[in-house]
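Visitor: Hi! Could you walk me through a few spots in this structure?
Guide: Happy to, let's have a look together.
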Amino acid sequence: MKRCYKLDFVVTGISTSAIFLLIFITWLYLLHKKRKLMTMREKFFKQNGGIMLQQRISGDGGSHDQARVFTIEELKKATNNYDESRIIGKGGYGTVYKGVLSDNIEVAIKKSKLADQTQTQIEQFVNEVVILSQINHRNVVKLIGCCLETEIPLLVYEFIPNGTLSDHIHNVKGKSSAFTWDIRLRIATETAEALSYLHSSASVPIIHRDVKPMNILLDENYVAKVADFGASKLIPIDQIELATIVQGTLGYLDPEYLQTNQLTDKNDVYSFGVVLVELITGKKALSFDRPEEERNLAIYFLYYLKEGKLFQILSMNTCS
């Protein structure tokens, strides 16, 4: 009997020790994992120019319009851990999620696909975040801030609920039903005002470089908001042009820019001209579904204008 009691005691002792050992190992593993995660976040924060951005923000003297730096946890919570149901846009640039911050403000969070940034590109990114967050124009989507604790920085913008101009021109999900001529004309005017502000009135002139209907968002009142500054360039005040690698979308690219690689505000003006033609014709800027001579909308439009046949290609919605 005593021998059985001793055996039970030994077994219980070993079992208890094993459980405590397992708990201790699990705790060590979780602690190691947490420290590793914190180290990675600190690494990405520094790598993405976080210290530089904080210095720029503090040097701004606490400006009301300064960029806000979010943590991973804040954005995970805002998007329900990047749930697929929160995706509002997807493409070659990356993915955009709708999020709700702790103060109930709705935002759009952009996860870019771009990586492997050089030090110069990081400095440029920080500069653009600071400047774009200070832009306060009713027809430019507001950049609220960013998160630098991930391998690729996340950008946080104000949320615009009514889709893109492209959705409405091309009747995606029946969005063009209320898209009257007056609304189109007002959207054209507001987009022109936004571009004029970026080119001439911003603290540092900004060339968008990818003006197209997909990058013009509409709010619930059909107010236009120029968005997506992923390809934009800040132009030094003492320069009127800049040599760059050509960026943009086929169909909207200025032919002169394609030939010379010289970036000026005129490139945005050309792209805006194509957007205007798309607005009044209802046709896509580039379509391989059309006959060869009609594939490029800008060339097609100029031909009909020259021939005095403009009304033949106007959208039925705009004519009415």
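Visitor: At what angle do helix α6 and α8 pack, and how far apart are their axes?
Guide: Keep in mind that this is a predicted model. Helix α6 (residues 181-200) packs with α8 at an angle of about 175°, and their axes are 11 Å apart. That makes α6 roughly antiparallel to α8, since angles over 145 degrees count that way.

Visitor: Which residues in α6 and α8 meet?
Guide: From α6, they include W181, R184, A188 and L195. On the α8 side, D265, D268, F272 and L276 are among them. By class, the contact has eight nonpolar, two polar and three charged residues.

Visitor: Switching to α9, which residues are buried there?
Guide: In α9 (residues 297-306), these are L297, A298, Y300, F301 and Y304. Seen down the axis of α9, they fall within an arc of 165°, so they line one face of the helix. What covers them includes α8 (265-281).

Visitor: And what does the face of α9 turned away from its buried side carry?
Guide: That face has the exposed residues I299, L302 and K306.

Visitor: What caps the N-terminal end of α9?
Guide: N296 does, with a side-chain oxygen 3.1 Å from the backbone nitrogen of A298. Just after α9, G308 takes a positive phi of about 70°.

Visitor: New topic: is K110 buried or exposed?
Guide: K110, which lies in strand β4 (residues 106-112), is buried because its relative accessible area is 10%, and the cut-off is under 20%.

Visitor: Which side chain does the side chain of K110 make a polar contact with?
Guide: The partner is the side chain of D228, at 2.9 Å.

Key: Residues numbered from 1 in each chain as written. Predicted model: local features only at pLDDT ≥ 70, side-chain atom pairs only at ≥ 80, totals over all residues. Heavy atoms only, no water. Buried < 20%, exposed > 50% of the residue type's maximum accessible area, 1.4 Å probe, protein only. Helix = DSSP H or I, 4+ residues; strand = E, 2+ residues; numbered from the N terminus. Arc of directions from axis to C-beta. Contact = heavy atoms within 4.5 Å. Polar contact = N/O pair within 3.5 Å; in protein donor to acceptor, adjacent residues only side chain to side chain. Axes fitted to C-alpha atoms, helices over the stretch in contact; angles between N-to-C directions. Parallel < 35°, antiparallel > 145°, perpendicular 65-115°, else oblique. Nonpolar A, V, L, I, M, F, W, Y, C, P; charged D, E, K, R; others polar.
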